Amino acid sequence: MRIGIHPDRDRAFSEKWQQFLVEQGVEAVLLDLLAPDAIEQARSCDGVMWRWFHIQDDKQSAKVILQAIESCLNLPVFPSIATSWHFDDKVAQTYLLDALGAPQPQAWVWWEKERAVEWAKSADYPVIFKLATGAGSSNVLKLESAAEAEEIIDLMFGRGTFPMMMNEYRPSFLPKTRRQAKERVRRFVDAARHVATGEFPALPDQWWKPEKGYAFFQEFLPHNEFDTRVTVIGDRAFAFRRMNRPGDFRASGSGNIDWSPEAIDPACLEIALEVSSKANFQTMAYDFLYKDGKPVICEISYTFIDAAVHKCPGHWDRDLKWHEGQMWPQQAQVEDFIAEVAKRGNAGSANGAAGAAKG
């Protein structure tokens with residue numbers, strides 16, 4: 001068995017995948033799937049793994065390359081299309097969870113400004129606004145009134161906005177660092193050049209795709225002092241609670257984590273395991289809040305910070321039986337991927353043998 005790995009940006013997953021594959025006696029080779037011969041490189045493997053990130057460069061390259069490999073070469077890939085097509089797209093996740101019948105907060109996705117404005121006039125406030133993209137609560141706002149909602153709607157159906165421009169990421173009026181000052185000067189020069197010549201200003205380095213043409217809102221769920229993160233890998237469920245930031249309604253990105261297994265609501269585990277099975281996810285992290293005393297899924301993500309999962313003292317299986325002992329998520333992903341590749345290979349061999357017999 002030969003598994004190809006495209007190194008991820010911080011090597012957090014690719015290096016551990018390689019290590020665990022070698023320990024299992026599997027040949028692990030590094031690929032460069034950004035090269036012109038990406039498909040030929042993939043052809044030499046029995047499966048391909050690439051942990052791609054939520055920045056735009058990865059989304060426009062990895063997503064389509066892996067889809068071509070999985071769909072046309074019929075090779076197992078990680079993450080699969082089913083696992084990743086909705087990654088870093090909260091709007092897509094809302095439609096997906098609705099189609100699956102999974103519990104989630106009430107949500108409103110508006111594709112037309114007129115309907116969004118009409119809704120905003122009579123909505124119950126506060127409501128939560130989110131960009132489709134973003135991690136760590138970076139593009140999330142709590143809106144207290146129709147006026148605030150209509151301002152956001154005007155923005156999203158007008159000039160649009162770039163990610164990482166809200167809350168604590170919003171640029172200050174005066175630059176606070178030399179780097180910010182240089183960036184401000186560069187943008188001023190770009191703007192002046194645009195006025196003088198019509199040349200389009202330089203886009204941000206990472207978050208260069210503007211968001212516009214939609215408005216996405218979720219109901220605000222009060223009295224949630226934490227969220228519950230359940231990470232499902234195959235039939236394993238790892239879980240911990242993330243406490244809210246001080247004086248804030250957001251838990252994601254707080255860094256204040258409780259890994260006590262006795263604090264985990266079994267209902268969150270059951271929902272996450274069921275959704276992963278129904279949707280055929282290889283791996284998925286679920287963020288739960290409570291609505292009327294019952295857990296609902298606010299967001300999902302196929303990738304996550306590995307160290308947070310590794311610090312879990314154990315995991316639950318599909319029958320909610322507890323298994324003591326820490327485990328790197330990459331090890332679980334490798335074990336499952338080897339089994340997937342082997343199953344696909346056996347199926348191919350069986351089909352080939354059947355075809356030969358008919359001949």
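Modeller: Two strands pair if DSSP finds at least two bridges between them. Strands themselves are DSSP runs of E with at least two residues, while helices are runs of H or I with at least four, both numbered from the N terminus.

Colleague: Where do these values come from, and which residues count?

Modeller: This is a predicted model, in which local features need pLDDT of at least 70 and side-chain atom pairs count only at pLDDT 80 or more, while totals for chains, interfaces and linings use all residues. Residues are numbered from 1 along each chain as its sequence is written, and side-chain values use heavy atoms, with hydrogens and water left out.

Colleague: How many helices and strands does the protein chain have?

Modeller: The protein chain has 11 helices and 15 strands.

Colleague: What makes S6 and S7 a pair?

Modeller: DSSP must find at least two bridges, and S6 and S7 are joined by 4, in the antiparallel sense. They therefore count as paired. Within this pairing, Lys130 stands opposite Val140 in S7.

Colleague: Which strands form the open sheet, and in what order?

Modeller: The sheet has 4 strands in the order S5-S8-S6-S7, with antiparallel pairing. Strands S5 (107-110) and S7 (140-143) are the edge strands, as each pairs on one side only. On average, neighbouring strands in this sheet are turned by 25° against each other, direction ignored. Such angles are taken between N-to-C directions, from 0 to 180 degrees, with axes as lines fitted to C-alpha atoms, for helices over the stretch in contact.

Colleague: Which helices lie across strands of this sheet?

Modeller: H6 lies across S5, S6 and S8, running at about 145° to S5. Helix H7 (residues 146-156) lies across S6, S7 and S8, and its angle to S7 is about 140°.

Colleague: Why is Val48 called buried?

Modeller: Buried means under 20% relative accessible area, exposed means over 50%, and partly exposed is in between (1.4 Å probe, protein chains only). Val48 has 0% relative accessibility, so it counts as buried. The residue lies in strand S3 (residues 47-50).

Colleague: What is Val48 in contact with, leaving aside its neighbours within four places in sequence?

Modeller: Its contacts (heavy atoms within 4.5 Å) include Gly4, Leu31, Leu66, Phe78 and Phe337. Val48 and Leu66 are 18 residues apart in sequence, and their C-alpha atoms are 8.1 Å apart in space.

Colleague: How do you know whether Ser276 is buried or exposed?

Modeller: The relative accessible area of Ser276 is 4%. Since the cut-off for buried is under 20%, Ser276 is buried. Ser276 lies in helix H9 (residues 266-279), where the buried residues also include Cys268, Leu269, Ala272 and Val275.

Colleague: What joins the side chains of Ser276 and Tyr286?

Modeller: A polar contact of 2.6 Å joins them. The term covers a pair of N or O atoms within 3.5 Å; within protein, one must be able to donate a hydrogen and the other to accept it, and residues adjacent in sequence count only if both atoms are side-chain atoms.

Colleague: How far does H9 reach from its first C-alpha to its last?

Modeller: H9 has 14 residues and reaches 20 Å, close to the 20 Å expected. The expected span is 1.5 Å times one less than the number of residues.

Colleague: What makes His223 and Leu320 worth a note on phi?

Modeller: Most residues other than glycine have a negative phi, and most peptide bonds are trans. His223 has a positive phi of about 65° although it is not a glycine, and Leu320 also has a positive phi, of about 65°. His223 is in the loop between strands S8 (215-219) and S9 (226-233), and its 76% relative accessibility makes it exposed. Leu320 is in the loop between strands S14 (314-316) and S15 (322-324); at 25%, Leu320 is partly exposed.

Colleague: Which peptide bonds are cis?

Modeller: The bond from Phe78 to Pro79 is cis, with omega near 0°, and so is the bond from Tyr125 to Pro126, with omega near 5°. Pro79 is in the loop between strand S4 (77-78) and helix H4 (81-84). Pro126 is in the loop between helix H6 (113-122) and strand S6 (127-130).
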